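Hi there,

Here is the structure I promised to pass on. Have a look at it first, and my notes follow below.

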Amino acid sequence: QLDENSLFKKYEIRRLLISIKLLNITDFNNLDEINLSSFTNLVNDNNDINEVLKSNYLRVLMSRTLTSKTVREKIAISGDFNYEFFNLNTVERDENDNLTTLEVTKIFIALKELGITDFNNIEISNSLLKELSEESLDKVLNSNYFYQVIDLTLKAQLGDKVTAATLEENGTYQGYIKKSEIKGLIDALEILELDDPTNISASNITVGKLEQLLNLDSILVNNFISNAVTNNLDVPSASLHNNFMTNDELNNLLLALQIIEGNDSVINDINMNNKQISTVNFALLLNIGGEQGSPIVRRLISETVITVLGNKLNNEALDSNPKDIKNNELIILKDVLFDLNIENVNDEIKIDEITLTKFRTINNYQSSLINGIISDALINSPLEIPSKVLENDYIMQEELDYFVESVELIPNVNILEDTIITLENKIQSLELTDLLLLAENQEIKSEIIKATIQREIAKHL
């Protein structure tokens with residue numbers, strides 16, 4: 001501060017002398033020895049840095065250095081972002097447009113925490129930020145100067161992962177990446193033992209680490225997880241919002257993987273085509289996402305079931321997207337597996353080995369998926385299957401309903417014990433008179449039973 005004669009005021013001279021003493025300068029000829037470390041060393045419990053900066057001369061000197069085009073360009077180059085964006089629009093300034101004492105103090109505190117000692121080498125790397133404690137990171141972000149540096153550096157690195165939801169919506173820092181998101185990203189890099197967030201992929205995320213990452217509750221981190229998952233798994237569009245998986249669906253995926261995979265399983269290695277899923281776990285998977293279920297979980301389950309059923313799969317059981325089986329069909333499949341005491345989804349449902357009573361039970365579900373399984377068994381059984389009961393290579397549901405009603409009208413058949421195989425044997429063993437009576441029985445509406453009876457009658461003629 002200058003007086004009316006453009007000379008330093010006495011107050012400023014006193015403050016400058018105190019500052020020089022704190023900076024350990026004993027000879028004015030050694031003023032050129034003052035460097036960045038001279039100031040950061042004064043960031044201590046005595047708050048000596050604040051005392052030094054009470055000298056307006058030194059404060060203005062530091063302000064002009066820190067805001068100079070030279071320093072800002074070097075920082076922009078090291079952060080790989082556009083210098084023009086580094087406009088220091090949030091820093092506090094005095095009436096002469098110089099940084100305030102508080103603002104400069106916060107900058108030196110940040111520099112101290114970052115271990116930066118040279119104005120010509122102010123570089124902030126992710127590995128450096130990872131080394132900071134939570135308290136130290138808070139001090140760095142408390143500096144508006146370095147908050148913008150970190151914001152611009154990350155935006156340059158992360159590209160489209162920085163969505164609107166990760167940014168401050170209003171206030172002083174409108175458009176900046178939220179501090180909570182920056183902290184979340186740094187924590188994620190620690191969890192994954194990475195320095196570059198662009199290296200986050202399905203190959204370095206295990207199920208256990210996925211849980212840790214989701215617990216960070218960071219949109220930015222979730223966007224990276226989403227990218228890793230969608231590059232490896234077939235994610236349905238219903239699981240996405242603005243091209244990223246929703247938080248609910250990421251958590252649904254985690255629940256599913258915890259059921260069918262171990263914590264050490266890597267996302268990149270997951271292959272649902274031949275995944276062994278127990279019936280109990282199948283039921284647990286179907287409960288994920290509540291009454292409506294989860295699109296990503298349904299897609300995973302569908303991959304397994306479609307592979308298991310192969311050509312037994314009735315296409316009517318598929319949703320509008322043929323990669324997905326309708327939710328109600330999966331629920332029915334689960335119920336059938338329990339009805340038949342089948343331990344795994346991957347185990348074959350052997351229709352030819354179940355009793356006609358159980359056959360009737362599973363047919364009563366009126367399910368296209370079960371229709372496909374039953375159709376395959378009947379078509380490959382010794383029973384006579386007339387073409388008129390087929391539609392798209394599957395037996396019409398109405399015919400199956402007639403079938404379960406008609407078998408009870410055959411005199412020597414015990415539905416509690418007989419199967420579709422022994423049913424054919426029983427029909428074969430009937431006398432011609434019994435066969436003729438059955439052929440005339442109007443209550444027998446099953447074309448399969450009728451055709452099988454006619455075949456056996458022909459053998460007697």
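Is Asn344 buried or exposed? Asn344 is buried, because its relative accessible area is 15% (buried means under 20%, exposed over 50% and partly exposed in between, with a 1.4 Å probe and protein chains only).

Before the rest, a word on the basis. This is a predicted model, where local features need pLDDT of at least 70 and side-chain atom pairs count only at pLDDT 80 or more, while totals for chains, interfaces and linings use all residues. Residues are numbered from 1 along each chain as its sequence is written, and side-chain values use heavy atoms, with hydrogens and water left out.

Back to Asn344: its place is the loop between α16 (327-339) and α17 (356-363) (helices are DSSP runs of H or I, at least four residues, numbered from the N terminus). Leaving aside residues up to four places away in sequence, Asn344 touches Gln276, Ile277, Ser278, Thr279 and Leu337 (contact means heavy atoms within 4.5 Å).

Now the aromatic rings. Rings of Phe, Tyr and Trp (its six-membered ring) pair if their centres lie within 6.5 Å; planes under 30 degrees apart count as stacked, over 60 as edge-to-face and the rest as tilted. By this rule there are eight aromatic pairs. Phe39 and Phe108 are stacked, because their ring centres are 5.1 Å apart and their planes at 10 degrees. This pair links distant parts of the chain, with Phe39 in helix α2 (residues 36-40) and Phe108 in helix α6 (residues 101-114), 69 residues apart. Both Phe39 and Phe108 are buried.

Best wishes

Conventions
Helices (H or I, at least four residues) and strands (E, at least two) are DSSP runs, numbered from the N terminus.
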